[in-house]
Amino acid sequence: MRYAPRIAHNIIAVALGVEGEAKAILARKLKTAPSYIKDVIIWGSISGNNYVDLRKTRVYRYESAIWGPLHYSRPLLNLIFDSEWVKREFVATLKNLTATGRQFGGILAAHSIATTLKYWYHGSPPGEIVSLGILSEGQFGIPKGIDFSMPVKFENGTWVVLTDLKDIEISEQIMTRMTSDLIQEKLVALGDKIHFQPYQSETELRKKDNSLPITDDSQEEQISDAADFLNGIPQTTFEKPQSLEFLNGFEGKTVES
């Protein structure tokens, strides 16, 4: 980014892989199809510390007592009545799926890249939120100059950050966890820092200071963050999703997965 500023806008990180894993877990819970779940937002790194934000997520074609026209959808958090499952089991399952599903990484990466390029060339479905890792310019309070996944839409051959979304503020604690490693990775890559030190929570640091064995608290940190996000979200009460197709002939776009 520093040495190629003219093409920085075309260098992205594909977040649809993480998004797809999250949708698969949610669909299994709701006994529906992943393609019927829309607007899952992935914040942060696509391969490290990130946060799956379900506050804008909606479910289409969900079979229940409440039914509507093809464009009718319902908030996902209103359909999962077990909030503890969202705060704990969902986070733990997503982490395990990411760790154990690497054998399918090639297929998942290819699908995610193809879909992202299709959106880039032809636009994303109208009104739908897409997650994409881009060079931050300070949106949503994210530090400038790091590649960070955030909500966007694709139109007219480019992407646009959805800065007008409401009620998606990120707490300082969550932001610190997500940005710390990304900032260090950039400094190491540019030679401004020699050693990379992974982010440690206050709990981990206290254990280290007290000479106690340090366990993996990253999952507990994410569970705590999930609780911070979801506590206080009001419970309220489908729109047929557009079909996704693979298109050939993608050229000229640079992506990471």
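Predicted model: local features only at pLDDT ≥ 70, side-chain atom pairs only at ≥ 80, totals over all residues.
Which residues of α5 are buried?

Let me answer the opening question. In α5, the buried residues are Ile-174, Met-175, Arg-177, Met-178, Thr-179, Ser-180, Asp-181, Leu-182 and Gln-184. As background, an α-helix has 3.6 residues a turn, so residues three or four places apart point the same way.

Next, the length of this helix. Helix α5 covers residues 172-189, which makes 18 residues. Just after α5 comes Gly-191, which takes a positive phi of about 80°.

I now turn to the strands. Strand β3, residues 41-44, pairs with strand β4, residues 50-53, in the antiparallel sense, and four bridges join them. Within this pairing, Ile-42 has Val-52 in β4 as its bridge partner. Together, β3 and β4 form a hairpin, with five residues between the two strands.

Finally, let us consider Pro-75, which is found in strand β6, residues 73-75. Is Pro-75 buried or exposed? Its relative accessibility is 15%, and buried means under 20%, so Pro-75 counts as buried. Pro-75 and Lys-38 are 37 residues apart in sequence, while their C-alpha atoms are 9.7 Å apart in space.

That concludes my presentation. Thank you for your attention.

Key
Residues numbered from 1 in each chain as written. Heavy atoms only, no water. Expected span 1.5 Å × (residues − 1). Buried < 20%, exposed > 50% of the residue type's maximum accessible area, 1.4 Å probe, protein only. Pairing = 2+ DSSP bridges.
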